[in-house]
Amino acid sequence: MSATEATIQLNVNGENKTVFVPPMKRLLDVLREDLSLTGTKEGCGEGECGSCSVRMNGDLVNSCLVPVLQANGAELETVEGLASDGVLHPLQQAFLLCGGAQCGICTPGMLMAAKHLLAHNPHPNIAEIREGLAGNLCRCTGFMRIFESVLSAATSNAATSQQETHAR
Amino acid sequence: MANNQMTNYIMPTAEDVPPIHVFWEELPFKHGGFGAKGIGELPHDGPAPAILNAIHDAIGVSFNSIPLLPEDLFAKLCVARKAEEPAGV
Amino acid sequence: MRGNAAQHELIAPGSLPAVLDLLSSAPGEWTPIAGGTELMVAFAAGRLTASRLVSLWGIEELRFITTTPGELVIGGGSTFSDLRACAAVAADFPLLDKSASWIGSIANQTRATVGGNLVNGSPAADSSPALLVYDAEIELISTRGKRRLPYREFHTGYKQNAMTADELLYAVHLPRRFAQHHQYLRKVGTRRAMAISKVALGATTLIKNGAINEIRAAAASLAPFPARLFKTEAVLAGKSPSTGVIQAARQALLAEAQPIDDIRSNAHYRKSVGANLLEEFLLGLNREIETR
């Protein structure tokens, strides 16, 4: 492994990828440039806005602060992995219906933070949603419709799980 | 640039923003198609004076510039308190 | 983005002995990088002077939290998410649990490490006031072995500490003897989340026969580094928190504190709020004494 380039193995949204990049290259830039996954955005480059949020081995991280060498061998989830077979994720549906996006720059990060929140807390109240999204800044919406979107998605989760229970 | 980093450009997070209620006042604009009117960023100008007026109403000290920080409030209140103290205390 | 990845060498030897060998073979040559929440910000801003970096991420020997009857031992590579997830931290060291929730956002807490927070040595460091009032000890490690020192002696100046060039921060030791202590920690920041401290105050004390005993008080952003308020403690030791004592303690803090004006706040505000936090702590003690 030389100083300038390293072989990095990543599992991104279930697919194995190999890149050959400087080890200090930011995970954000590897996703966007080397893997053409431009859904993850750069808002500040300082870990302050959450636009670059992805999940790495189940943890929510700011990809602008991860040197790609430290992601070697990791399982990554990005916004591109939310929809499957052309079907939108319940969170994406909720954001559409509730008007949770305006310019859309914060939206991929918001979706990943919301996914992370619901993975740990399927039925959050507003206070818990605020806390779960506190690392994601939005300059357009004033946050209200984002909270509604997450609540709506959580409620539809509940509906889904009721259906599953009743179906048994 | 005064705020060249997000760490120093302090905008409200999801934990800071108070509940925002939106009410529509619909007065058709005669020069706009079907009465339409651009709203753009004009409503942006209202909140700051409203908040400064509310502060004046609450504590009786007036401010007329922004940003208005706790440090500014504190400095002015300290001056106000000093002015109230009887001489010799 | 002003950082150029090609200008920095980053390697990951992957084990503690390998990293220590590297550091001792060329002291000062390699800069350790843990979660990167400080160094990568500098990198993106074009300010990262370190051209050779060695990664501590993923080294399991550094990432642990263990409990013995007398101590909680936190590995330097533990993240603040690790602290928040640990029941023993919440049970025995609630102020540290609280501090961990203050670090940036959830996405920062999964990467920022205790070791990084302390070695970076910001005067505003979130974990420091709690660690100071809990009498933490720092354990350092190198190829020459391990050594321990009280955390209150770790910081020696603005962003300077007692480590030698070949050492890593191996662990933080916390004595499990605060169950009966009255405990206080409050941070005043620029907003409710992701807020850098303007000032923070921590305190622990016993109350014996209505009087303050074994008081520890520490602050962030009232000195060039996070520090105990020894002179303020001296004014409080052995006293009941009466109105007169509270006033004397406020004056002691105002005299002892040396805050600065910076982009986040100013010295006058910081000192005054620091004194108010101390008063809030002491008034709280009064209420608890009265109800017993």
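**Chain C against chain A.** I looked up the contacts in this predicted model and found 26 residues of chain C touching 25 residues of chain A (contact: C-beta atoms, placed from the backbone, within 7 Å). On the chain C side, β1 (9-11), α2 (39-44) and α6 (106-109) each give two or more residues (helices are DSSP runs of H or I of at least four residues, strands runs of E of at least two, numbered from the N terminus). The largest share, four residues, is from α2(C). By class I noted 15 nonpolar, nine polar and two charged residues on that side (nonpolar: Ala, Val, Leu, Ile, Met, Phe, Trp, Tyr, Cys, Pro; charged: Asp, Glu, Lys, Arg; polar: the others, Gly among them).

**Helix α2 of chain A.** In α2(A), residues 90-98, I find L91(A), Q92(A), A94(A) and F95(A) buried (20 or more other C-beta atoms within 10 Å of the residue's own, C-beta atoms being placed from the backbone). Down the helix axis these fall within an arc of 160°, so they line one face of α2(A) (arc: directions from the axis to the C-beta atoms). G99(A), just after the helix, has a positive phi of about 70°.

**Chain B.** I count two helices and zero strands. The C-alpha atoms of chain B fill a box of roughly 70 × 35 × 25 Å along the principal axes. Buried residues are 3% of its 89.

**Conventions.** Residues are numbered from 1 along each chain as written, with chains lettered from A and ligands numbered from 1 in written order. Local features need pLDDT of at least 70 and side-chain atom pairs 80 or more, while totals for chains, interfaces and linings use all residues.

Conventions. Contact = placed C-beta atoms within 7 Å. Buried ≥ 20, exposed ≤ 12 C-beta atoms within 10 Å, placed from the backbone.
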